[in-house]
Amino acid sequence: MPEATIATADASLRQESAQAIIRAAYRQVFGNAHLMEEDRSATAESLYINGDLNVQGLVTALALSDSYRRLFLDKNGPYRFVELNFKHLLGRAPRNQAEVSEHVQRLANEGYEAEINSYTFSVEYIDAFGLDDVPNMRGSQSQIGESNATYVRSKAIGNGFAGFDGSHQSVLLSSIGTGTALFAGSKVPGPGNRDSKRYAITWTTANPVGMRRRSVQTSIAPYSSLTTAIQGIQKRGGRILSVANT
């Protein structure tokens with residue numbers, strides 16, 4: 001076979017392999033979202049195909065894109081955004097409230113890019129996926145060193161090959177806020193009974209305001225306002241102690 005023909009065949013195989021990796025990266029990072037051509041990151045794709053980005057760099061670029069920000073931060077808010085970042089970029093659910101609070105505060109204090117980079121340039125990411133593997137949902141099987149609660153939560157936020165992370169409601173809000181396990185198959189309350197449920201959020205602050213203020217506070221919120229209430233507490237430097245039905 002002529003060398004030119006062999007070179008063309010090799011180039012074709014490399015192109016096919018690169019396109020397969022790009023498709024897998026979009027599927028993982030965007031949670032199976034159907035993207036229009038204008039939503040794609042043409043520059044990142046080109047850099048990867050030309051060998052100027054590894055898979056870690058491609059994943060980071062997709063998560064830093066305006067499309068990712070619009071779909072998962074602007075439409076959801078910080079708490080659900082962090083929940084989805086763990087799923088899309090580390091392939092697992094958040095372990096606890098402290099981990100979520102750390103990322104929400106990083107987003108608020110250091111900005112969007114710092115929040116994304118904290119996943120894709122972490123030791124955990126490199127240990128799990130290296131530089132050239134697309135992240136995947138590790139919650140499909142139990143992991144050494146992970147609690148059973150993290151495993152069940154990871155299963156709960158998984159939506160299968162054809163699902164799409166389009167829900168604007170946090171799946172894990174109450175479970176993580178209370179530090180309790182989420183039963184397999186647990187669902188977000190349906191439209192008919194969301195606001196009939198009220199939650200008591202117990203939280204603490206190191207800087208109570210006023211003579212009659214205590215360091216431990218309790219806020220009451222309906223389900224529809226639960227995320228907003230928790231975010232407001234966290235923005236004030238509060239630490240969530242528990243979230244429970246009233």
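**Entry 1: ground rules and helix 2.** On one side of helix 2 I found A42 and T43 exposed, where exposed means over 50% relative accessible area, buried under 20% and partly exposed in between, with a 1.4 Å probe and protein chains only. Helices here are DSSP runs of H or I with at least four residues, strands are runs of E with at least two, and both are numbered from the N terminus. I noted that this is a predicted model, in which local features need pLDDT of at least 70 and side-chain atom pairs count only at pLDDT 80 or more, while totals for chains, interfaces and linings use all residues. Residues are numbered from 1 along each chain as its sequence is written, and side-chain values use heavy atoms, with hydrogens and water left out.

Next I asked which residues of helix 2 (residues 42-49) are buried. They are A44, E45 and Y48. Seen down the axis of helix 2, these buried residues fall within an arc of 100 degrees, taken from the directions from the helix axis to the C-beta atoms, so they line one face of the helix. After helix 2 comes G51, whose phi is positive, near 85 degrees.

**Entry 2: helix 5.** Helix 5 covers residues 78-90, and its 13 residues reach 17 Å from the first C-alpha to the last. That is close to the 18 Å expected at 1.5 Å a residue, where the expected span is 1.5 Å times one less than the number of residues. I looked up its burial too: 13 of the 13 residues are buried, so helix 5 is largely enclosed by the rest of the structure. Helix 5 is followed by G91, which has a positive phi near 70 degrees.

**Entry 3: aromatic rings.** How many aromatic pairs does the structure hold? I noted 8, counting rings of Phe, Tyr and Trp (its six-membered ring) whose centres lie within 6.5 Å, with planes under 30 degrees apart called stacked, over 60 edge-to-face and the rest tilted. The rings of Y68 and F72 have centres 4.8 Å apart and planes at 55 degrees, so this pair is tilted. Both residues lie in helix 4 (residues 66-74), 4 residues apart, which is about one turn of the helix, and both are buried.

F86 and Y119 form an edge-to-face pair, with 5.2 Å from centre to centre and 90 degrees between the planes. F86 belongs to helix 5 and Y119 to helix 7 (residues 112-120), so the pair ties together parts that are 33 residues apart in sequence. F86 counts as buried at 1% relative accessibility, and Y119 is buried with a relative accessible area of 0%.

I also wrote down that ring pairs link Y26, F30, Y68, F72, F81 and Y112 into a cluster. R40 lies over the face of Y26, at 4.4 Å from the ring centre; the rule asks for NZ of Lys or CZ of Arg within 6 Å of the ring centre and within 35 degrees of the ring normal.

Entry 4: Of the 7 residues of strand 1 (residues 198-204), 6 are buried, so strand 1 is largely enclosed by the rest of the structure. Strand 1 pairs with strand 2 (residues 216-222) in the antiparallel sense over 7 bridges, pairing being counted when DSSP finds at least two bridges between two strands. The bridge partner of A200 in strand 2 is I220.

W203 lies in strand 1 and counts as buried at 6% relative accessibility. Leaving aside neighbours within four places in sequence, W203 has contacts (heavy atoms within 4.5 Å) that include S215, V216, I233 and L241. The C-alpha atoms of W203 and S215 are separated by 8.3 Å, although the two residues are 12 residues apart along the chain.
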